[in-house]
Amino acid sequence: MNDFRPLTLHVPEPAVRPGGTPDFSNVKIPKAGAVPRPEVNANPEDIRDLAFSIIRVLNRAGEAVGPWAGLLSDEELVEGMRNMMTLRTFDARMLIAQRQGKTSFYMQHLGEEAISCAFRKALSSGDMNFPTYRQAGLLIASGYPMVDMMCQVYSNSRDPLKGRQLPVMYSSKEHGFFTISGNLATQYVQAVGWAMASAIRNDTKIAAAWIGDGSTAESDFHAALVFASTYKAPVILNIVNNQWAISTFQGIARGGAGTFAARGLGFGIPSLRVDGNDYLAVYAVAKWAAERARRNLGPTLVEYVTYRAGAHSTSDDPSAYRPKTESDAWPLGDPIIRLKNHLIVRGVWSEERHKQAEAEILDTVIAAQKEAESYGTLHAGGKPSARDMFEGVYAEMPPHLRRQRQQAGV
Amino acid sequence: MARMTMIEAIRDAMDVMMARDDRVVVFGEDVGYFGGVFRCTAGLQQKYGKTRCFDAPISESGIVGTAIGMATYGLRPCIEIQFADYMYPAYDQIVSEAARLRYRSNGEFTCPLVIRMPTGGGIFGGQTHSQSPEALFTHVAGLKTVVPSNPYDAKGLLIAAIEDPDPVIFLEPKRLYNGPFDGHHDRPVTPWSKHDLGEVPAGHFTHPLGKASVVREGSAMTVLAYGTMVYVAQAAAAETGIDAEIIDLRTLVPLDMDTIATSVRKTGRCVIVHEATLTSGFGAELAALVQEACFFQLEAPITRVTGWDTPYPHAQEWDYFPGPARVGRALVETMEA
């Protein structure tokens with residue numbers, strides 16, 4: 001005797017699969033300038049709407065409009081433009097290098113350049129990012145040497161990490177870039193701890209945590225929000241929603257509920273959603289969140305709405321799970337083209353200057369690549385010593401590792 | 001010098017280090033205001049304030065993950081997981097992060113962190129208050145694993161662990177918190193106040209990590225033990241009359257192989273005892289190392305006396321726990337082999 005029909009399991013599906021016509025009509029895009037800019041000390045309860053809208057500055061005409069506009073000078077915007085172009089060129093060259101067998105692996109940022117490049121400019125020296133593997137713009141925008149990045153990708157004799165790490169798992173304490181781990185979401189809660197430490201020591205430094213849409217499903221995401229909220233840690237909790245976690249569309253991580261930004265509301269954390277392809281909007285929101293943290297007002301959660309235009313990695317073929325033209329249909333466009341149009345509208349850039357900048361940047365990146373390759377690539381030329389394999393497991397090498405190093409004959 | 005329980009010695013170690021080094025912070029579940037479910041942090045919040053000793057949400061990965069972030073900032077967190085049985089949610093942070101930060105960043109980021117966790121059985125703790133997960137840590141490159149067996153060692157080892165530049169797993173046998181326990185559950189327990197090793201120096205001192213201690217010299221065989229099993233082994237030797245040399249390993253990684261090999265080469269026999277389950281337990285590593293180092297001096301097979309390969313049961317506590325009778329039988333059989 002049962003009054004109910006058999007239960008069925010709901011498994012979310014993206015709107016379109018390969019062969020279909022891309023459709024983002026479900027992504028509601030508010031007009032640029034439409035979302036208000038609250039005071040940094042606003043009551044989180046009063047700004048809940050910001051978790052469900054999208055903060056945008058650049059309109060279709062390339063103009064910067066609304067209350068989040070007007071923070072960056074011409075020079076700063078041109079620098080941002082060059083940083084994004086550098087990252088894209090760097091990606092393109094390293095992608096080819098991987099295809100040429102010069103390294104084993106690479107991950108691009110295509111379409112997501114504005115987020116890490118603009119965010120970095122809202123931080124100060126001494127602040128610490130806890131990035132994922134898709135925020136190399138933080139390094140580029142902070143002036144980290146491109147040759148060092150390439151040497152890491154090549155695992156060569158100049159690799160700052162001595163060949164121990166998979167390509168793109170950079171580390172630079174000096175540049176506020178925490179060592180990247182392959183284990184997803186672990187760094188999210190570490191960032192909160194780092195921020196708590198800064199508060200414990202009455203320091204003025206803040207931390208920034210980074211995570212992708214897919215990894216918000218990891219338990220460390222939840223732990224980070226609890227700790228950040230409980231201790232009002234000076235941390236910016238960034239979520240880069242690029243719609244895809246390898247082959248899995250963001251609905252698999254989202255449980256069909258609200259937005260990723262909305263996850264912060266249950267913890268009492270002010271949560272903002274921003275156009276991730278709008279350099280000006282990303283910077284403005286990052287600046288707002290950084291100021292909140294610095295004024296000891298606690299954490300802020302920011303969801304960057306963007307699109308992973310490239311493959312997940314060099315080991316991935318997106319045409320197996322999404323339409324090939326999906327990135328062209330993405331309604332928030334391309335961050336480089338959008339900033340380019342804005343700079344032209346401002347009268348500080350032109351098609352000619354853009355072409356010239358592309359050529360200059362390509363020359364710079366190729367020169368860096370030649371230098372990096374002179375120190376070796378994964379399978380040719382200089383490489384780290386096998387002795388380096390045994391170093392750094394502990395501060396001092398314990399006897400059992402010394403024995404193993406001797407056995408290895410190094 | 002003062003008489004202390006192991007609980008008091010552990011608290012004293014943290015007190016000493018918090019006073020000496022303002023980078024030392026202590027937190028965990030119920031660790032702050034209340035002073036810990038085992039009282040190991042009692043009074044620390046009152047003395048050092050809420051930003052040095054505080055309560056944490058019930059999230060082991062959150063506790064360890066934030067502590068790793070603090071350690072990379074430059075603090076020296078000494079954190080608590082309420083029971084070793086509950087460390088699993090933090091295992092990713094411990095194995096993938098704490099253990100590997102120095103290596104993967106080529107020394108740019110380091111993790112001077114101590115994770116204290118009450119361990120071991122013999123208290124009717126059932127499946128989730130009795131486990132001995134040390135082998136899950138000793139298998140991980142980059143971690144140090146310490147198991148004290150008395151108040152004097154606990155204080156000196158904990159101070160050394162807090163000062164150590166690498167992450168240290170500090171397993172505290174909760175069965176030994178209030179007094180030594182030799183497995184004779186039918187007899188009253190003697191408190192630490194009646195025991196020599198309950199005598200603990202005041203102030204700062206350390207026992208180096210990686211040094212074992214010979215707790216009973218003997219010539220007939222070598223017994224390798226740590227934690228509660230040190231007292232069980234002593235009782236078994238006394239009751240069988242076998243002149244066993246009993247070594248308290250104290251640190252599992254790094255391991256004091258010199259002391260172990262010197263002893264086994266002298267005695268020619270080796271029995272290994274631990275509470276943890278047998279298969280792939282730390283005893284397997286010890287047996288392999290002794291066999292490699294002492295093959296030509298061995299006069300009998302190396303024997304392991306351990307917990308059974310089952311989850312830790314409740315009602316069958318004393319059938320599971322390797323008590324003096326079971327250890328004693330192994331000593332006799334090893335002598336006769």
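**Overall form and two local sites**

Of the 410 residues in chain A, 56% are buried (under 20% relative accessible area with a 1.4 Å probe and protein chains only; exposed is over 50%, partly exposed in between). The model is a predicted one, in which local features need pLDDT of at least 70 and side-chain atom pairs pLDDT 80 or more, while totals for chains, interfaces and linings use all residues. Residues are numbered from 1 along each chain as its sequence is written, chains are lettered from A and ligands numbered from 1 in written order, and side-chain values use heavy atoms, without hydrogens and water.

The radius of gyration of chain A is 22 Å, in agreement with the value near 22 Å for a compact globule with 410 residues (taken over C-alpha atoms; the rule is 2.2 Å times the number of residues to the power 0.38). Twelve helices and seven strands form the secondary structure of chain A (DSSP runs numbered from the N terminus: H or I of at least four residues, E of at least two).

His184(B) counts as buried because its relative accessibility is 14%. Its side chain makes a polar contact of 2.7 Å with the side chain of Glu239(B) (N or O atoms within 3.5 Å; within protein, one able to donate a hydrogen and the other to accept it, with residues adjacent in sequence counting only if both atoms are side-chain atoms).

Back in chain A, Val11(A) lies in the segment before α1 (74–99). Val11(A) counts as exposed, because its relative accessibility is 51%.
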